[in-house]
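Please look at the sequence and the structure below before reading on. A short report comes after them.

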Amino acid sequence: MIETIRFRLNDKPVLIRGDGERLLLWVLRSDLGITGPKYGCGIGACGSCTVLVDGMAVLSCQTPVREIDGSSVTTIEGLATNGSLHPIQKAFIEHGGLQCGYCTPGMILTAYSLLSENPNPSREEIVEGMENNLCRCGAHVRIVRAIETAAREMGGGKK
Amino acid sequence: MAGENSSDTAGAADIAVRPLSRRQFLKRMGAAGGGLIIYFSTVDPLSWARTPRTGFLGSNIPGDFNAFLKIGLDNRVMLYTGKIEMGQGSMTSLPQLLAEELDVDYEMVDILLGDTDLCPWDAGTFGSLSIRHFGIFLREAASEAKGVLKALAKEHLKIPASRLVTRKGVVFDRAKPEHRVTYGALTRGQVIEKHLETVPPLTPPADFEIIGRTVPRRDAVDKVTGAARYAGDIRLPGMLHAKILRPPAHGAKLTGADIKKAGAVDGVQVVREGDFIAVLHEHPDVAEAGLARIEARFDRPVTGIDDKTIFDHLLKSKPKPEIASTGGDLNTGQRMASEIVEETYYNSYVAHAPMEPHTATAVMKDGKLTVWASTQTPFPVRARIAGRLKLPEDQVRVITPYVGGGFGGKSASQQALEAARLAKRTGRPVQVAWSRAEEFFYDTFRPAAVVNIKSGLDRSGRMVLWNYDVYYAGQRGCELYYDVPHHRETVFGRWRGSARKNHPFGVGPWRAPANNTNTYARELHLNLMASKAGVDPLAFRLMHLTDKRMIRVLKAAAERFGWKSGKTPGKRGYGIACGIDAGTYVALMAEVDVDTGTGNLDVKRVVCAQDMGVVVNPDGAKMQMEGCITMGLGYALAEEIHFKDGEIFDLNFDTYTIPTFSWLPKIETIILENPHVPPQGGGEPAIIGMGGVLATAVYDAVGAKLLELPMTPDRVRKAVERVKS
């Protein structure tokens, strides 16, 4: 069934006509050329495809595009504002919270969502919040440190 | 470098200017924009090379330094390398080597990696060789280039060579520093042929200014903003995504397929060449839906081989033995021994599971094929594609964008051939991006392996016998560095070579190939021996060591860890393991809680001390150590491929468990400076001891011998039961 779906993508309006059952990941990557969200597993088990829908982390490989009609989607490409990196992005750079970088967009957007809900997370809460995002290179210890730093920079965080 | 390099690099002669002619040079100009290259020509380009280019790693590496670098009009230097960036940090550390030897600011060096048209030939990015092997050729090229620049400056400034000094991209007169010329000005407007009869010596470690300094990752901004492009992020006009029909099991044969329904999907194109059936569409999910409509029938093999029977199967067809190392006489050792300890150790098949599955994008234009591939081996992939598609090698260009993890698994690169084949066939750009299931199915796993060790102690508690047989893992790391007078290490089959055919599916190199198996078996066995001798495991190791580098890393780890002699109380154990990999010495210590009820192991803390010779980028090296320790938790505790009759049961992260945030121990890394040894490997060494350090911790905690990796809760419980009974 052909449907019309409207949403905002990185602050720009988007209109899609097509099968509303198609998954957001492929619509973003293939139809719209937004390649920040990555395919890692296709079953919602790795977090590489994470995007923000109305500010909260969503697995785009598990989300029919129909469900985001009327929503606002932010991908890693849309996180920096006016050429200025978000504090989470800066903290990932500062701490070297990445190696191959493939999981990084998902890590950063999951961290964004985590800090939106809990601006002042303990280390245990960070670990719990990031648990479903996989990283094979083993950048975990630095990712945790980066999120702690970002929390402080953003005004929350353990002082 | 410290001080100024004023050595006379004369012997330079025959400056000639000639028009642009060289194909590679012109291509670079087109690809990289302006700037000039110092064109260096010799009768035999290898004649000046101090380090011989030999073997499969080296024999095709160009002798001409221009292949490695180009100095632009703006004084920026472009570094060309056939290495690739998969997270290990080469794009950050290789420019440090070049900047040091050429004497330019680190920030003035750009780098282009993994493009077979523009970069010097390279065997591939594996074996922790980028710094310790390629790095030498790169430094020699830079040193040669600097010598040529000084010779040019001598003409330009009209002063004796002895007064010439270089500093940060400028050559000047020692007596009159304002009398100067930049590298860019020297190379401007002409292509220069120049030959140095002698290559200036490389900068000694004591003078390093850029090597040894932590510099930030060059890929970090790209990777946190989504600007980083991987092979699957390439978008070309008219590009199709291909999904390929796969067998349900290794060894299964296609007996029939009805492709009509797939072709009925709007916009779908189906390609069939014998057993090779691909469904293509401009969107990958639509291609996938088309593939699902193909009705295919397969004949499946019944071999009876599964993850339980595999060891019997492998040992039945024992490969030819090769003695890796031997000393003394085993019979004498046997006679001297008052106590014999014999055990057999096993490890399962383990997947690479990089976060980015194998992906390639290919396009054929005017007879030339260009392939963007997630691969560790762009040049061998080019050769394979050219061979299989019957194209001349210079009509195939492989470009390697960022690679989303490799760990040894992205060498075969079947997906690149598939994309190339479909691009040639359809005339359209084609992307082949493997699903996670394809990634697991076609992985070249770390081989299942068996180690048998028979060792003996004399009455004084010293080891006098070490008879070590390793099956299917390979040689790396099997040679004994403990002092045992009568020893032999024998290798029966390797992860490469003819033994591979005995496995029911593909196997290959997995981060520090063979060494994880060898170090696990050796180090756990050492603790069994220490226990038999009634000596603390650290003290037992030290009393059998004369190798100063190994003693140093062990002592450094012990000091940081707070190693104490004697059994630790309760269900908490201390583990210890050491080893040598890629020229680097590494010692690990760990603290582990054992839950004897559930069999769960809780790794509290891991300390790792490493001597990797001269360190190029200390923070980058620490990232690799942390990555090794974290990744190593996986093969030690959980990772294992289940299979039967060629069917792989673990095809995604729901059943194949890799380490996550909640597994994290406290990780402490120590790098021991060693300016007397050139830079050694960094990407692999710290992972080799993870099986051993955790197995010895469990042994310390509850006396249970974990003779098989991974140490799953079930195996831990059973081992604990064996101790009780």
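## Basis

This is a predicted model, in which local features need pLDDT of at least 70, side-chain atom pairs count only at pLDDT 80 or more, and totals for chains, interfaces and linings use all residues. Residues are numbered from 1 along each chain as its sequence is written, while chains are lettered from A and ligands numbered from 1 in the order in which they are written.

## Where the chains meet

In chain A, 46 residues are in contact (C-beta atoms, placed from the backbone, within 7 Å) with 45 residues of chain B. Helices (DSSP runs of H or I, at least four residues) and strands (E, at least two) are numbered from the N terminus. On the side of chain A that touches chain B, at least two residues each come from α1 (24-31), α2 (87-95), α3 (104-117), α4 (123-130) and α5 (140-153) of chain A.

## A three-stranded sheet

Chain B has an open sheet of three strands in the order β2-β3-β4, with mixed pairing; strands pair if DSSP finds at least two bridges between them. Its edge strands, β2 (69-71) and β4 (109-113) of chain B, each pair on one side only.

Five bridges link β3 (residues 77-81) of chain B to β4(B) in the parallel sense. Within this pair, Met78(B) has Asp110(B) of β4(B) as its bridge partner.

In chain B, β17 (residues 368-373) runs parallel to β18(B), joined by four bridges. Val371(B) lies opposite Val398(B) of β18(B).

How values were computed: Contact = placed C-beta atoms within 7 Å.
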